[in-house]
Amino acid sequence: MRTDELSAPTAPQTFEALRADVNRLKALLEVNIEIAARLDRLVKAVKLDQTKYLGDVDLCLEVAKGTSTKERSTTSPTAPTYHDLVENIIVKAMTLAATQPDSASEAATFLQQLQAELDGLLKQIAPDRAKFRSQLAFLRVLHQFHVELTPGVREFSEIPVGDLRAARAYLDAHPEVLTSEAQAALVARAYEAELLGDSASVARIAQALSVAAPYANDKMEQLLADTTGRAGSSARENYQMEYDFFINHLKSRCDKLKQEAATGGDSAPQTSPWNGS
């Protein structure tokens, strides 16, 4: 039973968006499964006596509820109650059935409409359950790399690719972004960005990480002296090797993590792309 409160999830672009989509899908499944269970009980009862329940909404609701104690979705407490959702289905089916010429066809139409609603829910639940499990597995992988960057580290990671002079100036003013904690946070953020397909952020973070070594080893002047990237500059070549290695290894590791999540793999990911895979 899709409602405005339980809309279909959209493609996530951030960790927060993915988590919100997973929660919406969980709520949708919770509601649809409960409504399907209630309709299944009602359909079975109506099949035994098609005329007994026709026109008696309260009796239909009582039979549909059975021994269930659930009032509404626990995942989405603002969603309509199960009572209201099932009542709407019953009233809709009865209204359509009332247009039939005789009592026999009226009872048959009522049953057909209930069965159609049940079949529609069951058809929707299976793919939604598969999608939920897939998204949840991916979210669990992503969660391991979700960190809140400090304002300084975030600003450093947003320096445009190629602007090494700006990177040096920032490091001169904010050497704290070279600490092991800051570097580890950048690596984790790179994993998250790669997993979410944010290649632009990955490129900027790779630059932020790769410039650390030449800066710490007083090689920035050599690196900046060759802005063309031509061969022959050992500082430039070392920087580019570091940058390319990070990008390629990160992609390889994240591809593997995605495959493991898709197949239910349970191996612990390496939190540093500098480790071998």
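A crossing of two helices is left-handed if the near helix is turned anticlockwise from the far one by less than a right angle, and right-handed if clockwise. The structure discussed here is a predicted model, in which local features need pLDDT of at least 70 and side-chain atom pairs count only at pLDDT 80 or more, while totals for chains, interfaces and linings use all residues. Residues are numbered from 1 along each chain as its sequence is written, and side-chain values use heavy atoms, with hydrogens and water left out.

The crossing of α1 and α2 is right-handed. Helices are DSSP runs (H or I, at least four residues), numbered from the N terminus. Helix α1 covers residues 15-48 and helix α2 residues 57-65; their axes lie 7 Å apart and meet at an angle of about 120°. Axes are lines fitted to C-alpha atoms, for helices over the stretch in contact, and angles run from 0 to 180 degrees between N-to-C directions. Angles under 35 degrees count as roughly parallel, over 145 as roughly antiparallel, 65 to 115 as roughly perpendicular and the rest as oblique; α1 and α2 are therefore oblique to each other. In contact (heavy atoms within 4.5 Å) are R38, R41, L42 and A45 of α1 with C60, V63, A64 and K65 of α2. Of these, C60 is buried, at a relative accessible area of 0%; buried means under 20%, exposed over 50% and partly exposed in between, with a 1.4 Å probe and protein chains only.

The residues in contact include Y191 of α7 and C254 of α11. Both are buried: Y191 has a relative accessible area of 0%, and C254 likewise stands at 0%.

Rings of Phe, Tyr and Trp (its six-membered ring) pair if their centres lie within 6.5 Å; planes under 30 degrees apart count as stacked, over 60 as edge-to-face and the rest as tilted. There are 3 aromatic pairs by this rule. In one of them, F145 and Y191 have ring centres 4.3 Å apart and planes at 5°, so the pair is stacked. F145 lies in the loop between α4 (103-143) and α5 (151-157), and Y191 in helix α7 (residues 180-195), so the pair ties together parts 46 residues apart in sequence. F145 is buried, with a relative accessible area of 1%.

How values were computed. Helix = DSSP H or I, 4+ residues; strand = E, 2+ residues; numbered from the N terminus.
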